[in-house]
Amino acid sequence: MPTYETLPRFTTDLNRLTPEQRRRFRQTVAAFVEDLRTGCFRVGLRVKRVQRAPGNYELTWSIGTGPAGRATWEYGPERRPGTPHVIWRRIGTHDILTGP
């Protein structure tokens with residue numbers, strides 16, 4: 001199981017989401033964790049590097065009728081040998097990319 005941590009800004013962003021948006025994010029994270037184990041992200045997660053933010057990535061998913069949900073993250077130093085460590089940076093809509 002990968003390890004993770006959240007930055008304070010991520011926690012603030014997460015608390016601003018609706019319960020439904022948080023539920024959809026949790027579903028997306030389940031798929032993300034599976035893919036971290038295999039080392040290959042499924043196309044539906046739309047994982048890609050964030051432009052102008054070296055080492056940062058974004059993960060995109062549908063959050064219902066509104067705009068697509070996004071979370072930014074980076075790899076951190078492994079806490080357990082051979083296990084990826086993810087640092088969650090931001091979560092919300094496309095607007096979070098102004099300060100990933």
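This is a predicted model: local features need pLDDT of at least 70, side-chain atom pairs count only at pLDDT 80 or more; totals for chains, interfaces and linings use all residues.
So, Tyr57 sits opposite Trp73, a residue of strand S4.

Tyr57 belongs to S3, and its bridge partner on another strand is Arg49. That other strand is S2, residues 48–49, which runs antiparallel to S3 and is joined to it by 2 bridges. S2 and S3 make a hairpin with 6 residues between them, and Arg52 in the turn has a positive phi of about 65°.

Now, is S3 enclosed or open? Of its 6 residues, numbered 56–61, 6 are buried, so the strand is largely enclosed by the rest of the structure. Side chains in a regular strand alternate between the two faces of the sheet. Here Asn56, Glu58 and Thr60 point one way, Tyr57, Leu59 and Trp61 point the other way, and all of them are buried.

Back to Trp73. Leaving aside neighbours within four places in sequence, its contacts include Phe32, Phe41, Val47, Tyr57, Leu59 and Trp88. Trp73 is also one of the residues that touch the most other members of the largest nonpolar core, which has 15 residues; Phe25, Phe32, Leu59, Trp88 and Ile91 are the others. Helix H2 (19–38), S3, S4 and strand S5 (85–92) each supply at least two residues of this core, and H2 gives the most, with 4.

While we're on H2, have a look at Thr28, which is in that helix. Its relative accessible area is 9%, under the 20% cut-off, so Thr28 counts as buried. Beyond its neighbours within four places in sequence, Thr28 is in contact with Leu45, Leu59 and Trp61.

Next, the pockets, for those of you who like grids. Two or more lining residues come from each of strand S1 (3–6), helix H1 (8–16), H2 and S5, with H2 giving the most, 5 residues. By class, that lining has 12 nonpolar residues, 2 polar and no charged.

What about the second largest pocket? There we have about 190 Å³ of space. Of its 11 lining residues, Val50, Gln51, Arg52, Glu58 and Leu97 are the closest to the centre. Its lining divides into 4 nonpolar, 2 polar and 5 charged residues. You'll remember Arg52 from the hairpin turn, and Glu58 from S3.

Thanks, everyone!

Technical notes. Residues are numbered from 1 along each chain as its sequence is written. Side-chain values use heavy atoms; hydrogens and water are left out. Buried means under 20% relative accessible area, exposed over 50%, partly exposed in between (1.4 Å probe, protein chains only). Two strands pair if DSSP finds at least two bridges between them. A nonpolar core is a set of buried Ala, Val, Leu, Ile, Met, Phe, Trp, Tyr and Cys residues joined through side-chain atoms within 4.5 Å. Contact means heavy atoms within 4.5 Å. Ala, Val, Leu, Ile, Met, Phe, Trp, Tyr, Cys and Pro count as nonpolar, Asp, Glu, Lys and Arg as charged, and the others, Gly among them, as polar. On a 1 Å grid over the protein atoms alone, a cavity is a set of points where a 1.4 Å probe fits but cannot get out, and a pocket is an open set with protein on both sides within 12 Å along at least five of seven lines; lining residues have an atom within 4 Å of a point. Grid points are joined across faces, edges and corners, and a volume is the space filled by probe spheres set on the points.
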